[in-house]
Amino acid sequence: MVFSGFGGQGILVLGEVVATIAMKKGKHVTWIPSYGAEMRGGTANCAVIISDRVIGSPMVQSDIDILCAMNKPSVDKFLPKVKDGGLVLVNSSIVKDDFSAICEKVNVLEIDATNIAVEIGNPRVANMVMLAGFIKKTGLFTLENITEVLYERFGGARSKDLIPLNVKAIERGLE
């Protein structure tokens with residue numbers, strides 16, 4: 001899986017949450033972040049591999065099963081690397097591409113993530129709206145799995161007050 005977008009969109013957290021849930025479920029997991037020096041506003045992505053077997057290499061170069069693209073540069077860079085039958089989740093609030101030509105090759109789910117996050121009250125939770133689309137489409141995790149990891153990861157931090165907002169974003173995304 002590849003999660004990608006602008007720095008500041010919570011891309012690395014998104015991948016980390018998915019990896020942590022998989023690890024808690026007893027899977028073998030790798031999470032490899034990649035971001036430019038200008039973290040906020042620059043390009044950020046992370047590769048996540050989840051397997052029942054030991055993972056030989058943590059690198060995701062091609063044959064991507066799932067792409068979560070929060071912006072146009074992410075679509076341009078990673079869409080050609082998605083394998084036939086793969087899943088592409090796109091933040092349609094930002095990416096205005098017409099995906100009809102590739103719908104026979106890959107499954108595209110356009111999610112109005114940023115606009116939904118703004119409606120909820122904070123555009124920074126667009127990543128959680130995208131996560132909702134991910135869990136609804138894949139069935140890999142539940143809202144309860146995510147909530148547990150959010151409280152473990154952020155419960156002691158100064159951002160713990162944002163956890164209910166993140167959960168609300170996921171619930172709204174599931175709708």
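User: What makes Cys68 count as buried or exposed here?

Analyst: In this predicted model, Cys68 has a relative accessible area of 1%. The cut-off for buried is under 20%, so Cys68 is buried.

User: And Cys46, buried or exposed?

Analyst: Cys46 comes out at a relative accessible area of 1%. That falls under the 20% limit, so Cys46 is buried.

User: How do you know whether the sulfur of Cys46 has a bond to the closest cysteine sulfur?

Analyst: Look at the distance: the closest cysteine sulfur to that of Cys46 belongs to Cys68, 9.0 Å away. A disulfide needs the two sulfur atoms within 2.5 Å, so this pair is too far apart for a bond. The count of disulfides comes to 0.

User: What makes the largest nonpolar core a core, and which residues touch the most other members?

Analyst: Its members are buried nonpolar residues joined through side-chain atoms within 4.5 Å. There are 42 of them, and Phe3, Leu131, Phe134, Leu150 and Ile170 touch the most other members. Elements giving two or more residues include helix H1 (11–24), strand E3 (43–51), helix H4 (126–138) and helix H6 (163–174). There's also a second, separate core of 13 residues, with Leu67, Ala69, Val75 and Phe99 among them. As a general point, nonpolar side chains in soluble globular proteins tend to be buried together.

User: Which residues is Leu150 in contact with, leaving aside neighbours within four places in sequence?

Analyst: Leu150 is in contact with Val17, Met128, Gly155, Ile163, Asn166, Val167 and Ile170. Leu150 is also one of the buried residues of H5, along with Leu143, Asn145, Ile146, Thr147, Val149 and Phe154. The cover over the buried residues of H5 includes H1, H4 and H6.

User: How do you know what span is expected for H5?

Analyst: At 1.5 Å a residue, the 12 residues of H5 are expected to span 16 Å. From first C-alpha to last, H5 reaches 16 Å, close to that expectation.

User: Why do strand E2 and strand E6 stand at the edges of the sheet?

Analyst: The sheet is open, with 6 strands in the order E2-E3-E1-E4-E5-E6 and mixed pairing. Strand E2 (28–35) and strand E6 (107–111) each have a single partner strand, so one side of each lacks a neighbour in the sheet. On average, neighbouring strands are turned by 15° against each other, direction ignored.

User: What makes E5 and E6 a pair?

Analyst: Pairing takes at least two bridges, and E5 and E6 are joined by 5, so they pair; they run parallel. H4 lies across strand E1 (2–6), E4, E5 and E6, at about 145° to E5.

Technical notes. Residues are numbered from 1 along each chain as its sequence is written. This is a predicted model: local features need pLDDT of at least 70, side-chain atom pairs count only at pLDDT 80 or more; totals for chains, interfaces and linings use all residues. Side-chain values use heavy atoms; hydrogens and water are left out. Buried means under 20% relative accessible area, exposed over 50%, partly exposed in between (1.4 Å probe, protein chains only). Helices (H or I, at least four residues) and strands (E, at least two) are DSSP runs, numbered from the N terminus. Contact means heavy atoms within 4.5 Å. The expected span of a helix is 1.5 Å times one less than its number of residues. Axes are lines fitted to C-alpha atoms, for helices over the stretch in contact, and angles run from 0 to 180 degrees between N-to-C directions.
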